[in-house]
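Here's a quick briefing to read alongside the model. Have the sequence and the structure open as you go.

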Amino acid sequence: MVKLKIDGQEVSVDNGTTILRAAQKLGINIPTLCYHEDLPPTGNCGICVVEQKGGKTVRACSTPVVEGMEIFTRTPSLLRARKTVIELLLSNHPNDCLECPKNGVCELQKIAASLGIRKISFEHIDRTITQIDDSSPSIILRPSYCIQCGRCTQVCQNVQNVHALETSFRGFHSFVGPTMERVLDESECVKCGQCSAACPVGAIVEKDDTSLVLNALNNPELVVVAQEAPAVRVALGEEFGLPVGTNVVKKMYTALRRLGFKYIFDTNFGADLTIMEEAAEFVEIFKENPDEFPLITSCCPSWVDYLEKFFPDLILHFSTAKSPHQMVGTMVKTYWAQKMNIPPEKIFLVSVMPCTAKKYEIDRMEDMYASGYKDVNATITTRELARMLKQVGIDLPSCEDGEADSPLGEYSGAGTIFGASGGVMEAALRTAYYYITGKELPSPDIPFVRGTRGIKEGEIEVLGKKIRIAVASGLSNVEKILLKVREAKENKKEMPYHFIEVMACFGGCVGGGGQPYGSTIKKREIRAQALYNEDKSLAHRESHNNPSIQKLYKEFLEKPLSTKSKKYLHTHYIPRPLFKGVHGGKWRE
Ligand code: SF4
Ligand code: SF4
Ligand code: SF4
Ligand code: FES
């Protein structure tokens, strides 16, 4: 332990702790901007500057404590220095806050306000990089708003290992953008949106589809239907000041009805359906084609994009089951439309997702039109739904509990844990075990696949055979698992795994790129736990025991992997080039 004094108060912390963390332990708030608690500190911005006894200034976010150190965090000269840092940033910032998508949630705006900045002492100079890159279906780059904090490049390069973003040029002309001056859609970006979740200002934001949805809601010709992903229910409340991990699913149903949605279904139902199909694929390989192991899960569109670009040689191992919201989409426009006698072209289906990549997925290929129409018409993120509710004055916490509509609104515990890394695997094993043995798993809980470790491995025994499992989240972790599979394949060695679950976002969808800002690993853990709590509370914990799923197969799909199921619920994959072409110079005016 190391003992030091901060602003006259003594504190003891572990060796290697930064001054920032030690100050937090005392409840002393040092402002930060480039720092993110889950990323290694870069020391880029200088806002967290503090003074050591003797007058030396250091950056609190990246300086480790030393025994006997005495630190001051709020001397007049420090406050002046922090104001200067912010004023310099504002001197070449667009400063059009009222029109910025991050207005009200921008970290730069908040720090400027807390430091009491009323005027900028430096001459304003416009940035040379002003063009907006809206080529991606998922996120928008607005480089003139960038404050060079480096969080996005750290996330894209180190956490996701995609390397789509880099800082180009130096000094005043430097900007963050896709490598080789491409536009995003031509780059290797896999649309996970983690950069948008990390960006403290309005330089990277999700593509806003709220107007599209509001227009549909105001069109009397349309029947507008909503579905909500598992992870949304345990995060949306944060936007309304509720504690992290509050499950607001029933309030959300009511809020969506008040917004004008005519019918509310639940993506958790789709998750149960995905499991029925994916577990059936597993059983087919287990019984008939063990050489085709491993089977790799497919419900994350960012991961699908990554696989098609970076590991196309493993496409054969990929489950062809569509993601849950796409399955709900096709079933709404076929099975349900027929039941209700509503022409499918009149249905406008909106998915509320924790995810920016789902905006890409709904048009990924012709399979997303399996009903004969666009299966999902629009997707909005958790953040966008919160904005829509706030725009029309719906206060989520005051909404009474509501219910989803039948039959595509009923779900099992297996469906709800999809939102956490390991949840898809746990849900699939519950059903695959039942398919193979005719019995339920002795306990539906599979602890080794839970938690926010990047890679989780373990085995379960089915009919005397050991099934080797891997669960990976965060694409840099995914790569490690896939390289092992590729190596075994190329050298004709025994496969290291039989079943692999992959989620592009670290911790799974609870930490998706479209979730409320300020997502940390701690928050992801709490949100995931809320899903496991819901799983325990539900009447059915296995997808195959969901009565509405049983009815759907009986009335419409016949059985998992039937011709009809394959037509509506499965997709295919194609190798895609890493880069679509070199645009060159698009950023430069
Ligand atoms: S969306 Fe994901 S892959 Fe694309 S630039 Fe951002 S972090 Fe990188
Ligand atoms: S785009 Fe955002 S996250 Fe990336 S360096 Fe600029 S300000 Fe930071
Ligand atoms: S892990 Fe979830 S939120 Fe993240 S890209 Fe995949 S599906 Fe979207
Ligand atoms: S927060 Fe410490 S240098 Fe930016």
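**Two crossing helices**

In α8, residues T267, F269, G270, A271, L273 and T274 meet P324, H325, M327 and V328 of α10; contact here means C-beta atoms, placed from the backbone, within 7 Å. By class, that contact has six nonpolar, four polar and no charged residues, where Ala, Val, Leu, Ile, Met, Phe, Trp, Tyr, Cys and Pro count as nonpolar, Asp, Glu, Lys and Arg as charged, and the others, Gly among them, as polar.

This is a predicted model, in which local features need pLDDT of at least 70, side-chain atom pairs count only at pLDDT 80 or more, and totals for chains, interfaces and linings use all residues. Residues are numbered from 1 along each chain as its sequence is written, while chains are lettered from A and ligands numbered from 1 in the order in which they are written.

- The axes of α8 (267–288) and α10 (324–340) come within 7 Å and cross at roughly 100°; axes are lines fitted to C-alpha atoms, for helices over the stretch in contact, and angles run from 0 to 180 degrees between N-to-C directions.
- That angle makes α8 roughly perpendicular to α10, the word used for 65 to 115 degrees (under 35 is roughly parallel, over 145 roughly antiparallel, the rest oblique).
- Helices (H or I, at least four residues) and strands (E, at least two) are DSSP runs, numbered from the N terminus.

**Domains**

- The protein splits into domain 1 (2–74), domain 2 (127–206) and domain 3 (212–569), with bounds from an automatic or database domain assignment.
- The centres of domain 2 and domain 3, taken over C-alpha atoms, are 28 Å apart.
- Their contact takes 17 residues from domain 2 and 24 residues from domain 3.
- On the domain 2 side, α4 (151–159) and α5 (194–198) each supply at least two residues, and α5 gives the most, with three residues.
- That side of domain 2 has seven nonpolar, seven polar and three charged residues.

**Ligand shells**

- Ligand 1 has 14 residues around it, and C156, A164, C189, C192 and C195 come nearest; a residue is near a molecule if its C-beta atom, placed from the backbone, lies within 6 Å of it.
- Helices α4 and α5 are the elements that give two or more residues to the ligand 1 shell.
- The ligand 1 shell comes out as ten nonpolar, three polar and one charged.
- Around ligand 3 sit 13 residues, the closest being C300, C355, C505, C509 and G512.
- The ligand 3 shell has ten nonpolar, three polar and no charged residues.

**The five-stranded sheet**

- This open sheet runs β2-β1-β5-β3-β4, with mixed pairing; two strands pair if DSSP finds at least two bridges between them.
- β2 (9–13) and β4 (57–59) are the edge strands, each with a single partner strand, so one side of each is left without a neighbour in the sheet.
- Ignoring direction, neighbouring strands are turned by 35° against each other on average.
- β3 (49–52) and β5 (70–72) run antiparallel and are joined by two bridges, and Q52 stands opposite I71 in β5.

**The four-stranded sheet**

- The order in this open sheet is β12-β17-β16-β15, again with mixed pairing.
- Its edges are β12 (295–296) and β15 (455–462), each with a single partner strand, so one side of each lacks a neighbour in the sheet.
- Eight bridges join β15 to the antiparallel β16 (465–473), and E461 has K466 of β16 as its bridge partner.
- Helix α15 (475–490) lies across β15, β16 and β17 (499–503), running at about 145° to β16.
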